[in-house]
Amino acid sequence: MLFFIIRRFVTMIPLLLGISVLVFVLMAIAPGDFLDVARTQEDIPAEYIERMEEEFALGEPWHTRYFIWLGNVVQGNLGESWIYRVPVTELLWQRIPATLVLSALSIMFALCVAIPMGVLAAIYKDSIFDRISSMFAYAALSIPEFFLALLAVMFAAQTGWFPTGGLSSVEHEFMSFWGRMADYAHHLVLPTIVLGMGSVASYMRIMRANFLDYIRSDFVTTARAKGLGEGRVMFVHVLRNAINPLVSASGFILATLLSGSILVENVMNYPGLGQLIFEALMRQDEFVVVAAVMMGCVMLMLGNLIADLLLAWSDPRIRLEKN
Amino acid sequence: MLKHLFKEITRRPMGVACLVILAVLYLGTVFSQFLAPYLPTDQDLTSAYHPPTRIVLEDWRPHVQVYEQVDPAAARYEPIEGETAPIKFFAAGEEYRFWGFIPAQMRLFQVEEPHRIYLLGSDGTGRDVFSRLLYGAQVSLSIGFIGICITMTLGFLVGGIAGYFGGRTDFLAMRLVEFIIAVPSLYLLIALRGALAEHFEPEQMYLVIVIILSLIGWAGAARIIRGMALSLRQRPFVLAAEVMGQSSLRILFRHFLPNLASYLLVAATLSIPAYILAEAALSFLGLGIQEPGTSWGLMLQQAQELKVFTLNLWWLLTPGAAIFITVITFNMLGDVLRDIVDPRQQMVKR
């Protein structure tokens, strides 16, 4: 097991190197640089800009800058954000928990809704419930996240039941600990539902298909023949087997969540990694872009790793070492 | 094969429904200049955020209700009792070039100036949302087709070559594919757009988006096609062709392509929505189609204003509904096609 985990971490290194090179190249191809905004403003003296240019090494070709950056990274220094003038690590520490919480909540929300719905749809196959839920799955898969986010903001603005954006309210600082938690929770409801909606549909379809597969297998007939109750057959024998593909699908779903979070975070003004990446890319804040994109990919790979480990834990037939 | 497929689709009610909806959407796109009462850039600052106009029957002829602005700040309009303007069908409007080269003036319906007809309301500068929806469809609905043609060609070439030749070619191609798949796609989209956009004119953004989407999209198709090519390579007819001394290129196109055609068709139908959504997402972030062009994503971006939410200007969100309808139709059609082509993989009926 440990060997498997270590090997997975080692394979991450070339991928991360590749991604960082790609980001540097792409940012080098993009015309202009971070100081373009400063240059257009007349009240900023030219010497100041020259000094900044020198400090950021903007005059150097991209590969020189890449190796300077890589040297710093090896020493644990991810560089500094040019916009905020704070270390990138600090910025990431503020943003990553928010995105992690949102993604984790979305996956949990999706699982909590999708498993019962998928199971019911499979047990009562071709019933009205099955049809309605499959229509719902089509709809949830087809609605663009940002449109759903716009609808959610509209809903929040019209009813006033939920805040229209952000992670905390203005008076957050003056609340008690539980008050703060409740405040966060209140702000997280809509983003979680919006981001999780597409995953609900994917999970539900996988769940239903697998459940139907197992419901007709021999061990189910055996269990029934032994006189086990229908509830026990369904939930212990069938569900236990049918749930495994959901676990392995989670890695893929996490990837779509990370992409979707850029849009949802922007519409709902949620201070997460997606918003940071977008803002930094627009302003060409190089180190932030590289670090944030790499963090997104690390999160994705860790998610895949956790999914594999969970799968090995939930399905005793799988041996990780032999793969 | 196509004839057979078409027949099979028309035998299923869901397939027929999808074809009808798509036909309506694409006909609307092709004739958008004729169907839209105004040009997409036609502004009227005196009627910003105008609600959809009511249509009333007078003497058995449709008329539009005339409105007056009560409160410009809150975008409130009240209908003026008894004052209407007749709708003229097949009347001359502002001049346009049909399909870009035929000068024409005829439009399906018009209203006498200074009154205006807003079937789906107007936006912040008084442009007709209905007309913009129709013009925007030209971008949003065509991008999927063009993108998918490039992607499937690339995917087939890379996947086919990797699967057929195997060895080092295969290894390199698959590492590249894995790399592209490993990065969340929207990160790549935005980064590529940043790198490419400034090298093109703003009017060429359409082209840029197609290039970007195709550069990313081929990876998934290539991986699956490579898998299928690996198994095809061992089949007797391919071995026979090899023994007969046919060239690799010929084997690829004469023997692999027909066997992969049905997969390619299903995959293409199922991935068109991804292109429509990606274009909308880019335009929505302000990175796609630029003014004065229109696309559904761009319209949604412009609707992202506090005023829209607090005043419940729902008609500005109709582009989202249009995207939704298009995507759901393609998804359903894709599932119907998959059921026909590969009955073993059925998801819906089991």
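Two strands count as paired if DSSP finds at least two bridges between them. Keep that in mind as you explore this predicted model.

**Stop 1: the opening strands of chain B**

Select residues 55-58 of chain B, which form strand β1, and then residues 61-71, which form strand β2. These two strands run antiparallel and are joined by 4 bridges. To see how they line up, show B:Val56, which sits opposite B:His63 in β2(B).

Now look at the turn. β1(B) and β2(B) make a hairpin with 2 residues between them. Click on B:Asp59 in this turn: its phi is positive, at about 55°.

**Stop 2: on to β3**

Show B:Gln69 and you will find B:Tyr77 of β3(B) opposite.

Here, too, the strands form a hairpin, with 4 residues between β2(B) and β3(B). In this turn, pick out B:Ala75, which has a positive phi of about 50°.

**Stop 3: where the chains meet**

Bring chain A into view. The contact between the chains takes 35 residues from chain B and 40 residues from chain A. On the chain B side, the elements giving two or more residues include α5 (167-182), α9 (248-284) and α12 (318-341). Which element of chain B gives the most to this side? Select α6(B), residues 185-196: α6(B) gives the most, with 8 residues.

Finally, color the side of chain B that touches chain A by residue class: 26 residues are nonpolar, 7 are polar and 2 are charged.

Notes
Residues numbered from 1 in each chain as written. Chains lettered and ligands numbered in written order. Predicted model: local features only at pLDDT ≥ 70, side-chain atom pairs only at ≥ 80, totals over all residues. Contact = placed C-beta atoms within 7 Å. Nonpolar A, V, L, I, M, F, W, Y, C, P; charged D, E, K, R; others polar.
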